[in-house]
Amino acid sequence: MNIDIVVFDGVDEVDAIGPFEVFSNASFAVKDLQTRLVTLGEPSEIVGSSGLRFQPHGVWRPGEAEILVVPGGGWGTKSSVGIYGEVQRGQWNEPLLAARKTTSLIAGVCTGTLLLAAAGLLAGRRAITHKSAIEDLRNFGVEIVEEKVVDDGDLVTCGGVTSGFDLAYWIVEREFGERLANGIAGAMEYQRTKPTIQ
C-alpha cells in the first residue's frame with residue numbers, strides 16, 4: 001500500500017511530518033507499506049510554516065497511492081503561502097477530483113480539509129477542521145462534527161494542532177488493526193483520540 005502526503009510551501013510541519021512518522025513506524029510491521037511526501041509540480045525544497053526546509057519525495061500522480069493525506073497550515077494568515085494560497089490558486093482542484101477516483105481514502109489534516117472542500121469533495125459530508133476555520137468549512141456546505149477525528153467512510157478529517165497524529169493512528173487501525181495502531185502510539189508515548197463512528 002502507498003500513502004501520499006501532499007506538501008507545499010507554508011505547510012504546517014506537524015500536519016505533514018506527524019502522520020509521516022506514524023505511517024513510517026507502521027511500515028516496520030506492514031510489508032510493502034510506503035509513505036511519500038509529494039508536491040503538485042516537480043520536487044523542490046519546501047519551506048514549512050515554521051521555516052523547516054525539506055525535500056519531498058516526488059510528484060503526486062493519480063493511481064500511485066491508495067491513500068492521500070492533505071495537511072494544512074497558514075489558513076488564519078490569509079497569506080499566498082500556505083493552505084489559503086493553495087485554495088485561492090485552485091491548482092489542486094482537478095488533481096483532488098482525480099484522486100477521489102483513484103484512491104480508497106482521502107484525509108484532511110486540520111485546515112487541509114479546506115483544500116478538499118474547495119475542490120468540491122466535501123459538500124454534504126461530515127468533517128472537521130481547526131476551530132478557527134470551522135465557519136469557513138461550513139460555508140462549503142460541510143456538516144461540521146465537532147470531534148478531533150471524523151470518519152466519513154472514504155473521507156477522514158481532523159481538527160487541532162496535533163490532530164494529524166490521531167488521524168494517522170486511526171488510518172493505521174482501519175487498514176491494519178487496532179493492535180498495531182495502539183502499539184505505535186505506545187512506542188511514541190502518545191495518548192490517542194478515536195472518532196465516534198456513526
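**Close-up views of a predicted model**

**View 1. Cys 110, a buried residue with a positive phi.** Cys 110 is buried, its relative accessible area being 5%, where buried means under 20%, exposed over 50% and partly exposed in between, with a 1.4 Å probe and protein chains only. The residue sits in the loop that runs between β7 and α4 (112-118), and its phi is near 55°, a positive value in a residue other than glycine. Most residues other than glycine have a negative phi. The model is predicted, so local features need pLDDT of at least 70 and side-chain atom pairs count only at pLDDT 80 or more, while totals for chains, interfaces and linings use all residues. Residues are numbered from 1 along each chain as its sequence is written, and side-chain values use heavy atoms, with hydrogens and water left out.

**View 2. Lys 78, a partly exposed residue with a positive phi.** Lys 78 has a relative accessible area of 41% and is partly exposed. Its place is in the loop between β6 and α2 (83-89), and its phi, near 50°, is positive although the residue is not glycine.

**View 3. Helix α1 and what covers its buried residues.** Helices (H or I, at least four residues) and strands (E, at least two) are DSSP runs, numbered from the N terminus. The 14 residues of α1 (residues 13-26) should span 20 Å at 1.5 Å a residue, and the end C-alpha atoms are 20 Å apart, which agrees; the expected span is 1.5 Å times one less than the number of residues. At the N-terminal end, Asp 12 caps the helix through a side-chain oxygen that lies 3.1 Å from the backbone nitrogen of Val 14. Buried residues of α1 include Glu 13, Asp 15, Val 22 and Phe 23, and their cover includes β1 (2-6), β2 (34-39), α6 (163-176) and α7 (178-187).

**View 4. The second largest pocket and its lining.** A pocket is, on a 1 Å grid over the protein atoms alone, an open set of points where a 1.4 Å probe fits, with protein on both sides within 12 Å along at least five of seven lines, and lining residues have an atom within 4 Å of a point. This pocket holds about 160 Å³ of space, and among the residues that line it are Asp 12, Asp 15, Trp 75, Cys 110 and His 130. The lining divides into three nonpolar, seven polar and two charged residues, with Cys counted as nonpolar, Asp as charged and Gly as polar.

Definitions and conventions:
Contact = heavy atoms within 4.5 Å. Polar contact = N/O pair within 3.5 Å; in protein donor to acceptor, adjacent residues only side chain to side chain. Points joined across faces, edges and corners; volume = space filled by probe spheres on them.
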